[in-house]
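Hi everyone, thanks for making the time. I've got one model to walk you through today, so let me put it up on the screen.

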Amino acid sequence: YMSVLLYGASVMNGVLEEKRDRIVELIVSSIRAEQLMLGKVVGIGATGVLQMSIWVAFAALLIINAPQLASLFNAPDEVVETLAAGGLLPSVPLSVGILFVIYCAGGFFLYSTMYAVLGAIATTSQEAQQLVFPVIMPLIIGFFLVPMATQNPDGGAAVIGSLVPFTSPMVMPVRAIIGGVPLLQLFLSIALLIGTGLA
């Protein structure tokens with residue numbers, strides 16, 4: 001949710017900056033507008049992936065060294081022993097990681113292209129900020145559908161939220177992890193997400 005909001009806004013601001021500084025006119029004389037937008041989305045997306053990789057690596061280092069850090073801060077012996085045994089964190093299957101990456105990338109691609117469109121439509125940053133709300137509203141709805149998906153993964157709201165491309169990046173991974181999802185729904189959700197982003 002946060003990565004889509006932060007890096008999507010970066011895409012929008014990048015498009016606005018290129019328009020304001022008249023850079024886009026020079027660039028579009030050499031490449032097509034679709035290539036420019038895809039390059040902007042992929043470039044800023046790669047920046048986001050690098051930043052998130054740094055966060056994950058730092059968290060992994062903390063988890064690996066948790067017993068030493070806990071004893072350094074004078075934690076009770078029971079806590080240090082539990083950390084050394086690895087009892088605080090659940091094991092996460094590889095399929096969960098793959099599903100998360102697919103939906104995170106698909107959601108980022110979908111929302112950052114919409115942010116890029118807003119940047120192309122708006123003439124100033126203030127105007128762009130006024131146009132952002134309709135774009136982030138489905139993302140917010142998806143955020144609020146997640147608790148419903150955790151309580152009832154096969155309920156109507158969870159199923160619809162996991163199939164609609166604008167909410168599926170938030171709802172489908174949670175639903176798939178908690179309750180299991182029929183493969184047809186999973187593949188349909190991924191196809192709709194990618195197809196909507198490309199459209």
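Predicted model: local features only at pLDDT ≥ 70, side-chain atom pairs only at ≥ 80, totals over all residues.

As for the fold, the protein chain has 10 helices and zero strands.

For the overall dimensions, the C-alpha atoms fill a box of roughly 65 × 45 × 30 Å along the principal axes. There are 199 residues in the protein chain, and 35% of them are buried. On contacts, take the ones with a separation of 6 or more: 68% of those are between residues 24 or more positions apart.

Now the surface. The protein chain exposes about 11900 Å², with carbon and sulfur atoms supplying 72% of that. Charges next: I have 6 positive and 10 negative side chains, and the centres of those two sets lie 17 Å apart.

The largest pocket holds about 390 Å³ of space. Of the 16 residues lining it, the closest to its centre are Gly-48, Val-49, Met-52, Cys-104 and Ala-105. Which helices build that lining? Helix H1 (2-20), helix H3 (33-64) and helix H6 (94-121) each supply at least two residues of it. The largest share comes from H3, with eight residues.

Let's take Ser-189, which sits in helix H10, residues 183-198. Is Ser-189 buried or exposed? It's buried, because its relative accessible area is 0%, and the cut-off for buried is under 20%. Setting aside neighbours within four places in sequence, Ser-189 is in contact with Tyr-103, Ser-162, Leu-163, Ser-168 and Met-172.

Then there's Tyr-1, in the segment before H1. Tyr-1 has a relative accessible area of 31%, so we call it partly exposed; that class runs between the 20% and 50% cut-offs. What does Tyr-1 touch, not counting residues up to four places away in sequence? The list is Leu-139, Ile-140, Phe-143 and Met-170.

Technical notes: Residues numbered from 1 in each chain as written. Heavy atoms only, no water. Helix = DSSP H or I, 4+ residues; strand = E, 2+ residues; numbered from the N terminus. Buried < 20%, exposed > 50% of the residue type's maximum accessible area, 1.4 Å probe, protein only. Contact = heavy atoms within 4.5 Å. Areas by Shrake-Rupley, 256 points an atom, 1.4 Å probe, with all protein chains shown as cover. Lys, Arg positive; Asp, Glu negative; His and termini not counted. Charge placed at Lys NZ, Arg CZ, Asp CG, Glu CD. 1 Å grid on protein atoms, 1.4 Å probe; cavity = no way out; pocket = protein on both sides within 12 Å on 5 of 7 lines; lining within 4 Å. Points joined across faces, edges and corners; volume = space filled by probe spheres on them.
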